[in-house]
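Reader: Please take one part of this model and go through it closely. I would like the cut-offs stated along with the values.

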Amino acid sequence: MNSLFYGQGCNVNRRHFLSKLGWTSFWTAVVGMVAGLARSMYPNVLYEPSRKYKVGYPADFARDVVTPLPGEKLFIYNDSKQGFYAISGICTHLGCVVSKTQEGFFCPCHGSRFDHSGKVKAGPAPRPLPWYRVSLALDGQLVVDAGEEVKPGTTLPI
Amino acid sequence: MQEFWRNARALPGNVWRSTIRHGPLDTDLDRAEVMNQNFFLHILPVSVHRNTLRFSYSLGLGAIAFILFLILIGTGIILMFYYVPAVDQAYPRMKDLEFVVSNGKLLRNLHRWAAHGMVAVVFLHMCRVFYTGSFRPPREFNWVVGVVLFFLTLGLSFTGYLLPWDQLAFWAITVGTNIVAYLPGVGKQLRFLLLGGNEVGQEALIRFYVLHIAILPVLALIVLGVHFWRIRKDGGLSRPEEAESPLVSMTATPASRDPAGGSLQIFPADPRKTYGLMELVKGRTPMVDRGPEDTLTAWPHLVFRLFTLSLLTLVIFLIVSLFFDAPLKELANPNFPENPAKAPWYFLGLQELVSYSAFMGGVFIPTLTVVALMLIPYIDRGPAGTGVWFHSRRARKIALLSAILTTAVIWLLLFANMRTGGVRRFYPDSPQWLIDLLNPGTLTVLYLVVFFFIAGYLTDSLREASIGLFTGFLIGFTLFTVIGVFLRGPNWEFYWFWQSWPAP
């Protein structure tokens, strides 16, 4: 024992050691408790609607027309050459909802502008509007998964 | 039983004496005693320096801010009886307050305008403390505490105007939490934690409600307590050295002012430590029985001034609340933001900056501002100019020059940005960092830093350079706020005062 606490070059005696041990365990316990409390602030279950939307039958969408879906904050394209694709209606700047204009999209909050493919033309938006995965459900309806981004240009040919 | 009857007869007098605990306040001893014995008054000193009572020195701004805080607690508690933090109930409850609850409208108006008033007054208080050099040692720590209080005030305002769940509330939470998401590293998680999910809804409302009524007010009260306690410990309000004792500056030679000099000290000044009447304090304090000309008893001089100031503040805000209604937009609509979607005036300077670059305006510049504000007392430490409005004639000139230059620079950058259409017009595939760098907001900050160093080297006075920098910050912040409030219309486009907005 003595050699451990009173060894060469070691000035820690038993009292110091026990004091350090005590404080270390105290602060460890405090940090653990605070972390536990903080963890309970982080929800495990979300009562949010699914971000996978069934948006209708392909035939419901007129050819070469953009269909805005305000509730889902999506724009559905039915391109006669490329097929279906969906562009997000949420501005990548600070989350306002963009509106459709002649040149593309426009955000009223801070004036970001995007072209038809969602690419940033002007304003503070840091990223283009994301494209989402479009697929067909078994009942033949189009499904847009707003949780899955795809590369711009990815379409669902019909 | 005779004792019973005797005590019963003496009961009214004894109750009175045990409650009031002092007689008529005829002598200074009585006046000291009342400050000492009363729990609510003992936060104040027994005697105060004449300079502290000069309204033109302090402008009473700190006191007014505290009074507004008390008004906010009072009105806020009553509002809590009617408010329900649920997305389907919050807005109807606002309408109830407006049309059904007795004096409900007045209550809400008073709460809202006092909140706006508090933001303004706290900011002006900070300016007062800066321009009088009152952050100098030993008051550095209290300045930092004050900066914390300023941001707590902003936090309370922000969480407060989210609660009505109107259009302003919904889109302010959306924009505000998306700004948080730009924080490098932890931003996304922090946004998730604030919202209690990925979307703005019920969870977000209740979180901001708890922040507004429990966490932030309690924090503010604690920090406020520290702020007041530090004022006492730092020896009261700052004041110029000459005011320490006019007799000293008139009669004493430098040698006699040296405590260790051993020469005759008729009116010794500024010992490093001295007994105040109540406690051991650091720094220079009014010395009881040494410089009676300089101090006055807090009762009645300070107490009555504070009382009058409280009444005036309350009356002014009551009158405003009677004639002007607190804004309430339409019910929150998650599908369409308003156009323009504007925050309350005190955040529109930031919103203007954010409209150039979310990272710069929302994260970098605010962080830089907080750090710079907190560093002021640790950088600008010299004794000269403490306790006087502005430091010198030259400092005033530099402040004026900085105000003019900053105004010019901001207008120039703003119009350059609008005329040319910004970086993307020339360089459509520009990387984001270039847009973050080359915009009126970032360039203004860059200009201010350059101004500070040039002014510092030219004047060879840190105090004057920092007055120039602070003035530039003040003018820049005000100007961006004015632009955000008055000159931005639909689609965040620029409209002059006299230009009308196009019909939607």
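**Two domains of chain B**

Author: The centres of domain 1 of chain B and domain 2 of chain B, taken over C-alpha atoms, are separated by 24 Å. The contact between them (heavy atoms within 4.5 Å) takes 35 residues from domain 1 of chain B and 36 residues from domain 2 of chain B. This is a predicted model, in which local features need pLDDT of at least 70 and side-chain atom pairs count only at pLDDT 80 or more, while totals for chains, interfaces and linings use all residues. Residues are numbered from 1 along each chain as its sequence is written, chains are lettered from A and ligands numbered from 1 in the order in which they are written, and side-chain values use heavy atoms, with hydrogens and water left out.

Domain 1 covers 44-239 + 298-338 and domain 2 covers 342-504 of chain B; these bounds come from an automatic or database domain assignment. Between them the two domains of chain B bury about 3300 Å², 73% of it on carbon and sulfur atoms. Buried area is the accessible area (1.4 Å probe) that two parts lose on being put together, summed over both. On the side of domain 1 of chain B, B:F130, B:Y131 and B:R136 lose the most area to domain 2 of chain B, together 25% of what that side buries.

B:Q351 lies in helix 14 (residues 345-354) of chain B; helices are DSSP runs of H or I with at least four residues, numbered from the N terminus. The side chain of B:Q351 reaches the backbone nitrogen of B:A343 at 3.0 Å. Leaving aside neighbours within four places in sequence, B:Q351 is in contact with residues of both chains, including A:C109, A:H110 and B:W492.

Technical notes:
Helices (H or I, at least four residues) and strands (E, at least two) are DSSP runs, numbered from the N terminus. A polar contact is a pair of N or O atoms within 3.5 Å; within protein, one must be able to donate a hydrogen and the other to accept it, and residues adjacent in sequence count only if both atoms are side-chain atoms.
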